[in-house]
Amino acid sequence: MNGRTEIVLSGVGGQGLVTIGGILGEAAVLEGRNACLSSSYGTEARGTFTKSDVIISDDEIDFIEAEEPGTVLCLAQAAYDRYSPVLGPEAVLVYDSDTVTPSGKGAAREKGYSISSLAEPGMANLAALGLVVALSGAVREESAASVLRKKTVSSSPLRKGSEEAFRKGFAAASL
């Protein structure tokens, strides 16, 4: 949990990738580290390719996009197809086995999880966040859970059960 960590969260619009990227960044800041988030998505509200790059570092961050991600989350086939062929063997590619059919041709270490079955409908992104935190070691579990507790209020899109979904994803990484 030191140095620099680059994470790419990818899928399609509407999956909550920007939300979980923000949670990762806030958890890093809570730990006294630097963090930045950059996102790109199509003009439609849902359904187009979306990605969020999260960079966490003990030092200053001078470029806001991931150049050598250590962890890449793919929640849609389009995301997997984009990242699997270009990642090196040092990267971990985490994918939702419910929505992605892996090719097995990439060099990255690929890990598939039935992410949608880990959480209630609408909370798969939080289970995915738990997986990413556990597999990347980017932030401590409790730091991310603390940010979730703070954000789970009536005026937030996060709701009761968010922390439970996160913890289920975190636990699934060790199975």
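## Charged side chains on a predicted model

Glutamate 68 is exposed, with a relative accessible area of 66% (buried means under 20%, exposed over 50%, partly exposed in between, with a 1.4 Å probe and protein chains only). This is a predicted model, where local features need pLDDT of at least 70 and side-chain atom pairs count only at pLDDT 80 or more, while totals for chains, interfaces and linings use all residues. Residues are numbered from 1 along each chain as its sequence is written, and side-chain values use heavy atoms, leaving out hydrogens and water.

You can find glutamate 68 in the loop between strand 3 (49–57) and strand 4 (71–74) (strands are DSSP runs of E, at least two residues, and helices are runs of H or I, at least four, numbered from the N terminus).

Now for the salt bridges: each is a side-chain nitrogen of Lys or Arg within 4 Å of a carboxyl oxygen of Asp or Glu. By this rule there are 11 salt bridges. Here are three of them:

| Pair | N to O distance |
|---|---|
| Lysine 150 and glutamate 26 | 3.2 Å |
| Aspartate 58 and arginine 33 | 2.7 Å |
| Arginine 167 and glutamate 163 | 2.8 Å |

Aspartate 58 sits in the loop between strand 3 and strand 4, and arginine 33 in the loop between helix 1 and strand 2 (34–41), so the pair ties together parts 25 residues apart in sequence. Aspartate 58 is partly exposed at 40% relative accessibility, whereas arginine 33 is buried at 7%.

Arginine 167 and glutamate 163 share helix 5 (residues 162–172), 4 residues apart, about one turn of the helix. Both also belong to a network of salt bridges with Glu141, Glu142 and Arg149.
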